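Please keep the model open beside the text as you read.

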Amino acid sequence: MERTVLLAAPRSLCAGVERAIATVARLLADPDREGPIYVRKQIVHNTRVVRELAARGAIFVDELDEVPMDATVVFSAHGVSPAVREQARRRGLTVVDATCPLVTKVHSEAKRFAARGDTVVLIGHAGHEEVEGTFGEAPEATVIVDTPAEAAALRVPDDSRVSYLTQTTLSIEETEATVAALRQRFPKLHGPASADICYASTNRQRAVEAISARSDLVLVVGSANSSNSQRMVEVARRQGIPAHLIDDASHIHDEWIEQARIIGLSAGASAPAVLVDGVIEELRRRGPVTVEELVIATETITFAAPSPLRRRP
């Protein structure tokens, strides 16, 4: 069967992810570095990226007590709580902070809202690293909600002093519904001056929505623990289109594609473009393929390297 692959654009790595990966890569390549480079958690949520950096010498740990005293540690793109920063200080660690600047923005908002006496409602997935880091900025003043129902049932000390923030990688549609429920529950609700859901998550979701309108099947390249990739799959499914999240081309199932003449293809913001190329090559192995790109936005955003790297020649 001859197939068309409808490529969503933008897709694949965002500026924050590129910055985080490049941070670890530069540290590993530094000829003057002393000792190994440790990374707390996965630098980004992609198994290919983590595997390749580990092969180059990066040591990934879950917690800082696994890092030797006075060593160098990189904080992942998802950010960390003040408690983690304090633990790093006590252990004498040299910290290179690869937190995405858009996540840092949410942390700053959490501190500002809590300092003025608000209850901070953090819309996000409990247990996600980004949410844990943001929550840690003001744990005594912050509550986490994930759904409109949770928002509608929320009780706080003062209904007139409530602000909300969001995880940066959420579904636009579902988040809007949760915010609407909060506004109905708390008419004086305050929010961030600009949206917390990052430009990359927004663009990739809208691109998937566009390709879904023309596709028999949608494939999203990304790892299972990638929130933004999961949301992209959900966008396609809400359009009534079969959609699957795959780590790479080896995860394609024959039964998914056997009747699909037009296959929509994208990749989450933490998935390298080479994995998308691999999917196209795998589909070509199974028959003739025409590739068409559908562009809904052009991304030009870049972020400067973390300050310790900017000071290096």
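Arg-116 has a relative accessibility of 35% and therefore counts as partly exposed; here buried means under 20% relative accessible area, exposed means over 50%, and partly exposed lies in between (1.4 Å probe, protein chains only). Its partner in a salt bridge is Asp-118, with the closest N and O atoms 2.9 Å apart. A salt bridge is counted when a side-chain nitrogen of Lys or Arg is within 4 Å of a carboxyl oxygen of Asp or Glu. Asp-118 itself is buried, at a relative accessible area of 5%.

A word on the model: this is a predicted structure, in which local features need pLDDT of at least 70 and side-chain atom pairs count only at pLDDT 80 or more, while totals for chains, interfaces and linings use all residues. Residues are numbered from 1 along each chain as its sequence is written, and side-chain values use heavy atoms, leaving out hydrogens and water.

The structure holds 21 salt bridges, and the table shows some of them.

| Salt bridge | N to O distance |
|---|---|
| Asp-118 and Arg-116 | 2.9 Å |
| Arg-185 and Asp-159 | 3.3 Å |
| Glu-86 and Arg-90 | 4.0 Å |

Which parts of the chain does the pair of Arg-185 and Asp-159 tie together? Arg-185 lies in helix α7 (residues 172–185) and Asp-159 in the loop between α6 (148–152) and β8 (162–166), so the pair ties together parts that are 26 residues apart in sequence. Helices (H or I, at least four residues) and strands (E, at least two) are DSSP runs, numbered from the N terminus. Asp-159 is partly exposed, at 36%.

Glu-86 and Arg-90 are four residues apart in helix α3, which means about one helical turn separates them. Glu-86 is partly exposed at 30% relative accessibility, whereas Arg-90 is exposed at 54%. There is also a network of salt bridges, linking Asp-254, Glu-282, Arg-285 and Arg-286.

Helix α3 (residues 82–90) also leads us to the sheet: the helix lies across β2, β4 and β5, and runs at about 170 degrees to β4. Contact means heavy atoms within 4.5 Å; axes are lines fitted to C-alpha atoms, for helices over the stretch in contact, with angles from 0 to 180 degrees between N-to-C directions.

The sheet is open, with four strands in the order β3-β2-β4-β5 and parallel pairing. Its edge strands, β3 (59–61) and β5 (94–97), each pair on one side only. Two strands pair if DSSP finds at least two bridges between them. Four bridges join β2 (residues 37–40) to β4 (residues 72–75), and Ile-37 stands opposite Thr-72 in β4.
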